[in-house]
Amino acid sequence: MINISKVKFGIVAALFVIIFVNPVFVVGQSPDAIQKKDGIVLLENFEDDPVGGFPLEWYDRDGNKKLVNHSKKFTKNYLYKVAQDSGNKFLHYEGTAAKHINLPLINEDKENIYNINLYETPVLSWKIRAHELPKNARENDDDVNDSVASIYVAFDMGRVALFKKVPKTIRYSWSSTLQKGKTASKLFGNQQIIIVKSGKEDSGKWITFERNLVEDYRRMFGDDPPKTPIAILILSDGDSTGSFVKADYDDIMLKPE
Ligand SMILES: [Ca+2]
Ligand SMILES: [Ca+2]
């Protein structure tokens, strides 16, 4: 008898190894998005991006190439585009397919693109406006693992898991059904999930989230985080539950405590 759930877990784990091992980043990237005001590192507010297109600084899931430089065929399941209302631009996701998009924070020369020092700016802040949540989804069950909106913070290859290096990631998710504060662990403990909001309440409104990455990392992994994460990733998806999902993202930044 083949244990299907184990096989599925293996596939998911393998995918994550593919996603994160040896990411290739572009040399000498110097995004205009770097802004330090009141000690805040603004990573993205989408204001410099063309409405209707992909955000200019974001890469495919594996961090290989900017979305804007990929073919339409390659990006057909990347269901994100920049939208605008009330004079504000933001990232809009609409659909079912699950594809992470990736904002590298360290390039292939290991340069710290945004001059991030988490010990100076430990607080990750971001905004989400959820419109349509995946039905009966649960992030701690691979059969129904969908989220209206998730932000992942990926750190360098840490622990060795079954002879493969898997980066440590913390995923902050707005869950359809899991309670706020609930945590889950995947990929041999290398992916830690923290539920930051639950259910339909407040959908249709911009909600600001703030998490202290240094504190969360210490609590979830038991040691100190590197000074700079390697990437921020965004994922909305409804593929596991067959749901239509709709969400907006904006104002991703790192702040002092
Ligand atoms: Ca904006
Ligand atoms: Ca899914």
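I count a residue as buried if 20 or more other C-beta atoms lie within 10 Å of its own, as exposed if 12 or fewer do, and as partly exposed in between, with C-beta atoms placed from the backbone.

**Ground rules.** I am working from a predicted model, in which local features need pLDDT of at least 70, side-chain atom pairs count only at pLDDT 80 or more, and totals for chains, interfaces and linings use all residues. Residues are numbered from 1 along each chain as its sequence is written, and chains are lettered from A and ligands numbered from 1 in the order in which they are written.

**Confidence.** I looked up pLDDT, the predictor's confidence in each residue, from 0 to 100. The chain has a mean of 87, and 82% of its residues reach 70 or more. Residues 11-34 have a pLDDT below 50, yet this stretch has 38 contacts in the model beyond near neighbours in sequence. By contact I mean that the C-beta atoms of two residues, placed from the backbone, lie within 7 Å.

**Overall make-up.** I found 2 helices and 13 strands in the chain. Helices (H or I, at least four residues) and strands (E, at least two) are DSSP runs, numbered from the N terminus. The chain has 257 residues, and buried ones make up 39% of them. I then took contacts between residues at least 6 apart in sequence: 69% of these join residues at least 24 apart.

**Strand 13 and its partners.** Which strands pair with strand 13? I call two strands paired if DSSP finds at least two bridges between them. Strand 2 (residues 40-44) is antiparallel to strand 13 (residues 245-255), with 3 bridges. In that pair I see Leu 42 opposite Met 253. Strand 4 (residues 88-95) also runs antiparallel to strand 13, with 5 bridges. There, Leu 91 has Tyr 249 as its bridge partner. Strand 6 (residues 123-132) is antiparallel to strand 13 too, over 8 bridges. Val 123 stands opposite Lys 255 in this pairing.

**Strand 6 again.** I followed strand 6 to strand 11 (residues 206-212), an antiparallel pairing with 7 bridges. Leu 124 has Arg 211 of strand 11 as its bridge partner.

I checked Ile 40, which lies in strand 2. Ile 40 counts as partly exposed because it has 15 C-beta neighbours inside 10 Å. Leaving aside neighbours within four places in sequence, its contacts are Met 253 and Lys 255. Thr 121 is 81 residues from Ile 40 along the chain, but their C-alpha atoms are separated by 7.2 Å.

**The core.** Which residues have the most contacts inside the largest nonpolar core? They are Leu 105, Ile 232, Leu 233, Ala 247 and Tyr 249, in a core of 50 residues. Strand 7 (residues 149-161) gives the largest share of this core, 6 residues. A nonpolar core here is a set of buried Ala, Val, Leu, Ile, Met, Phe, Trp, Tyr and Cys residues joined through C-beta atoms within 7 Å. I note that, in soluble globular proteins, nonpolar side chains tend to be buried together. I listed the contacts of Tyr 249, leaving aside neighbours within four places in sequence: Phe 90, Leu 91, Trp 126, Lys 127, Ile 128, Ala 149 and Ile 234.

**Positive phi.** Asp 251 has a phi near 50°, positive although the residue is not glycine. Asp 251 sits in strand 13. Why is Asp 251 partly exposed? It has 18 other C-beta atoms within 10 Å, so it falls into that class. Asn 115 has a positive phi of about 50° and is not a glycine either. Asn 115 is in the loop between strand 5 (101-104) and strand 6. With 13 other C-beta atoms within 10 Å, Asn 115 is partly exposed.

**Two exposed loop residues.** Gln 179 is in the loop between strand 8 (164-175) and strand 9 (183-186). Gln 179 is exposed because it has 10 other C-beta atoms within 10 Å. Leaving aside neighbours within four places in sequence, I find Gln 179 in contact with Ile 195 and Ser 198. Ser 198 is 19 residues from Gln 179 in sequence and 5.5 Å away in space, C-alpha to C-alpha. Lys 76 lies in the loop between strand 2 and strand 3 (80-85). Lys 76 has 11 other C-beta atoms within 10 Å, so it is exposed. From Lys 76 to Ala 97 I read 9.6 Å, C-alpha to C-alpha, across 21 residues of sequence.
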